[in-house]
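Reader: Before we discuss terms, please show the sequence and the model.
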Amino acid sequence: QETNAVTLVDGLEGVFGKQDGFRRSGAKGVCAKGVFTGTPAGAALSSASAFSGKPVPVTLRFSVGGGNPRAPENAKSVRGMAVQMELPNNEQWLMANISTPVFGAATPESFQAFLDARRPDPATGKPDPAKIAAATAANPDHKIQPDFLKTRGVPASYGAVNYWGVNAFKMTNKKGKSQMVRWVFEPVGGEEFLKEENVASTPPNFLVDELKGRVGQIPVNFSFVLQLAAAGDPTNNPTVQWPADRKTVVAGNLAVTSVEDKAVCDSINFNPLVLPKGVEASDDPILLARPGAYAVSQGRRLSK
Ligand code: HEM
C-alpha cells in the first residue's frame, strides 16, 4: 500500500482515535506570542530577513507529541514548539520543533509502519505487542527516538527544554554561499526536568499554568543555535544526528512574552516548508512529507 498524506493522517487517527477539532499530532497544546531577534552570525549564513537584527513578531504553539488531547504531562514524552515568524514583505518562516534531536522514523514508509503497528486491536482495545515487535525488527530506526527519551527526565516546563528542528535545511547568504544546517532552540537558563521522586505527584495538566507563571515572572528566552554540516553529513535522515563536534553558531534569540487563547493558533498550520528567501528544504523525505499531512489534518480538524 502506498504511503501518502492521507494514509499517514489515517495512521495517526488509528493510534489516537479521531479527536474532532484537535490536531492529529501535537493535539494537546497552548498558544503563545514572542519576539525573535537575529544575530550577525546568522546573517553571515543566510540572507533571510529574520537575521536582520530587527525584532520579528512570532506566534508560538507548545504541545505534547501525539494525537491525544488529554495526554499526561508528567510523562517522558515528546514536547513541541511550533513557530510562525512574521517577516517583512509578507514573508513567513514556519517551524515545528521537538524536544528530541531525532524523529521516530527515517522515512514516511517507516513512520507509516510505526503507526500501523500501534493501532489498537479491536478485540482488546490495545495495541498488539507482537505487531510492534515485528515493526521494530523490520525498522530498527523506530528505536532511536524512544532510546533518546529514556536518557532524559520529564520536562519541568515548556519554557525550559531544548527544541530541535531535526530535519536539515539549506541556508544561503547574500554572497550566494550555501551551507546545510540543523537548528535547536536552547533555553538560555538551561533545561529543567522534574525530579524523579516528584514525577508521580505532578498533576497531568501542569504545563500551561507553569508557562503562564514563568512568563509573568522571568524572561523566557531561547538561543537559536545552528549546527553546520560538514561534507558527507547525511541531510536525508532525521534519525541520524551529525557528530557533536560540528561547528555551531548562535543565530538568534527567541523571547516568549505572553500566553494566548487557543483560538489564536487554531487557524495556523505550522507547515515547515513555509520558508523565507535564504532558507530552503533539504532532501529529507520526512520533511517533504510533512506539509501534505499537516494540511490533511488541518482540513479534518477545522471541518469537525
Ligand atoms: C512524516 C512525518 C510526520 C508526519 C506524518 C507528521 C504529522 C503531523 C500532523 C498531522 C500534525 C498536525 C498538524 C495540524 O493539524 O496542524 C503534526 C503536528 C506537529 N508535528 Fe509533525 N509529522 C511528521 C514529522 C514531524 C517532525 C520530523 C517533527 C519535528 C521536527 C514534527 C513536529 C510536529 C509538531 C511540533 C507539531 C505540532 C505543531 C502545532 O503546534 O501545530 N513532526 N505533525
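**Ala 168 and its surroundings**

Author: Apart from neighbours within four places in sequence, Ala 168 is in contact with Met 180, Val 181, Arg 182, Ala 229, Thr 235, Ser 282 and Asp 284. The model is predicted.

Reader: What makes these residues contacts of Ala 168?

Author: Two residues are in contact if their C-beta atoms, placed from the backbone, lie within 7 Å. Met 180 is one of the residues in contact with Ala 168.

Reader: Where does Ala 168 lie?

Author: Ala 168 is in the loop between β5 (163-164) and β6 (169-172).

Reader: Why does Ala 168 count as buried?

Author: The cut-off is 20 or more other C-beta atoms within 10 Å. Ala 168 has 23 C-beta neighbours inside 10 Å, so Ala 168 counts as buried. Of the 304 residues of the protein chain, 40% count as buried.

Reader: How do you know that the radius of gyration of the protein chain agrees with a compact globule?

Author: For 304 residues a compact globule would have a radius of gyration near 19 Å, and the protein chain has 19 Å, so the value agrees. The C-alpha atoms fill a box of roughly 60 × 45 × 40 Å along the principal axes.

Reader: Which element gives the most to the shell around the ligand?

Author: α9 gives the most, with 8 residues. The shell residues divide into 16 nonpolar, 11 polar and 5 charged.

Note on methods:
Residues numbered from 1 in each chain as written. Predicted model: local features only at pLDDT ≥ 70, side-chain atom pairs only at ≥ 80, totals over all residues. Helix = DSSP H or I, 4+ residues; strand = E, 2+ residues; numbered from the N terminus. Nonpolar A, V, L, I, M, F, W, Y, C, P; charged D, E, K, R; others polar. Rg over C-alpha atoms; globule rule 2.2 N^0.38 Å. Buried ≥ 20, exposed ≤ 12 C-beta atoms within 10 Å, placed from the backbone.
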